[in-house]
Amino acid sequence: MSKTGLRKTKSLPLVSRLFLSHLLVMMVAVSSLVIIGKLSSPRFFVLHLQQLEGRGVTLRYARTNLIKGFETAWNRSTFWAVIAGGTAAGGLSYWVSKRIVQPLTQIEQITQRFAAGHLDERLPPSEIPEINQLTTSFNRMAVSLEDVEHRRRELVSDLTHELRTPLTVLRGYLEELADARIEPTPGVYQQLAKETRRLERLINDLQELSKAEAGYLPIHLQAVNLRPLLESLVQKFSDQLLEDGPLLRLECPDQLPSVLADPDRVEQVLVNLIGNALTYTKTGSITVRAWTEAEGATSRLPQLWIAVTDTGIGIAAQDLPHVFERFWRAEKSRNQHTGGTGIGLAISQRLVELQGGQLEVESQLGIGSTFRFYLPLA
Ligand code: ADP
């Protein structure tokens with residue numbers, strides 16, 4: 001046990017300390033009262049008798065008796081006053097000490113339960129303002145800790161779920177190969193490689209997301225004209241498009257004002273958005289648009305908007321609030337097939353935010369989706 005721990009166990013509890021300090025104050029007050037009373041009262045009484053004698057009252061024989069009687073009366077009444085007053089003051093002091101210490105004891109019990117994992121524990125409000133401030137701060141901290149813990153559990157459970165599927169497929173294939181239940185054809189090995197790649201992508205995406213969420217991703221902001229980047233990206237994706245696939249086009253004014261952004265991160269976001277649009281659009285078109293919004297059009301600073309609009313499968317209204325959540329996919333089984341991890345949009349959103357912008361979505365099931373984001377002008 002530490003030195004402070006030892007000191008803590010040896011020292012008196014707060015309730016006893018408060019009670020004893022009250023008692024000490026009371027004893028000092030009573031002793032002064034008794035001593036001063038004892039010394040001064042008989043003298044004042046004698047003085048009073050002398051005044052009476054001065055006015056002609058004869059006390060010669062009764063004088064000693066009177067003084068003795070006064071002293072006895074004073075002693076008795078002081079004795080009973082000390083007993084009654086002491087008992088009342090002691091009781092009152094005990095009650096007050098308890099009232100101060102009770103909320104502190106309660107705080108200690110509740111914080112111990114909280115530390116033991118009962119994260120929903122909260123401190124009740126107190127009548128004492130200082131303690132009330134303490135309980136409010138504690139409760140605020142408890143809410144944020146509970147939130148962090150909740151998200152941690154969610155992440156672990158999401159992760160386990162995401163890792164289990166490719167691992168189960170891998171194990172299944174490997175066991176069947178070991179038992180010679182399937183032929184070791186190139187197709188089987190390709191399937192094994194595909195699942196391994198999926199695991200690899202999941203881990204890479206996760207690493208990127210955790211860095212982005214923690215704000216560790218290096219962002220090198222600079223004044224940059226995004227038009228060449230948009231052109232080269234649209235060209236690169238168009239080259240990969242099949243004959244009967246959707247049409248990919250760029251709508252961008254010739255003169256685009258510079259934005260304050262990291263071109264590599266903007267490319268990362270656009271690759272994700274265009275890649276998604278291509279995955280979920282079988283026919284029709286995918287349009288990448290860029291336009292500027294002047295100051296005053298909204299309350300925000302002047303900014304450049306970039307949108308990727310597709311005529312693909314779209315997203316249901318009830319699913320829209322979830323698209324930027326990590327691991328969220330509209331149809332888990334379908335996307336497992338397309339190889340999506342459901343992390344891309346979460347990373348993109350964070351990357352745009354780190355560059356001072358915002359990523360938004362608009363979509364209608366069966367009609368198409370628009371993902372757009374803005375970046376501040378340089
Ligand atoms: P994934 O790697 O699965 O594509 P994302 O985070 O990029 O992960 O996307 C999350 C989910 O959002 C996708 O699985 C898909 O269901 C939906 N989604 C994203 N973009 C589109 C789109 N353009 N059209 C329809 N659904 C989309």
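This is a predicted model: local features need pLDDT of at least 70, side-chain atom pairs count only at pLDDT 80 or more; totals for chains, interfaces and linings use all residues.
The structure holds one cavity of 30 Å³ or more. Its lining, formed by residues that have an atom within 4 Å of a point, consists of Gly 37, Lys 38, Pro 42, Glu 71, Trp 74 and Asn 75. Helix 2 (14-54) and helix 3 (62-115) each contribute at least two residues to the lining of the largest cavity, helices being DSSP runs of H or I with at least four residues, numbered from the N terminus. By class, the lining of the largest cavity comprises two nonpolar, two polar and two charged residues, with Ala, Val, Leu, Ile, Met, Phe, Trp, Tyr, Cys and Pro counted as nonpolar, Asp, Glu, Lys and Arg as charged, and the others, Gly among them, as polar.

For residues 12-36, UniProt lists a "transmembrane region" in an unreviewed entry, and such annotations may be inferred rather than shown by experiment. This span is 92% helix and 0% strand, and its end C-alpha atoms lie 33 Å apart.

The domain assignment, automatic or taken from a database, gives domain 1 (3-118), domain 2 (147-214) and domain 3 (222-376). A distance of 77 Å separates the C-alpha centres of domain 1 and domain 2.

The second largest pocket, a pocket being an open set of points with protein on both sides within 12 Å along at least five of seven lines, has a volume of about 290 Å³. It is lined by 15 residues, of which Glu 213, Phe 324, Glu 325, Arg 326 and Ala 346 are the closest to its centre. Two or more lining residues come from each of helix 4 (129-178), helix 5 (186-214) and helix 9 (344-354), and helix 9 gives the most, with four residues.

Residues are numbered from 1 along each chain as its sequence is written. Local features need pLDDT of at least 70 and side-chain atom pairs count only at pLDDT 80 or more, whereas totals for chains, interfaces and linings use all residues, and side-chain values use heavy atoms, with hydrogens and water left out.

How values were computed
On a 1 Å grid over the protein atoms alone, a cavity is a set of points where a 1.4 Å probe fits but cannot get out, and a pocket is an open set with protein on both sides within 12 Å along at least five of seven lines; lining residues have an atom within 4 Å of a point. Grid points are joined across faces, edges and corners, and a volume is the space filled by probe spheres set on the points.
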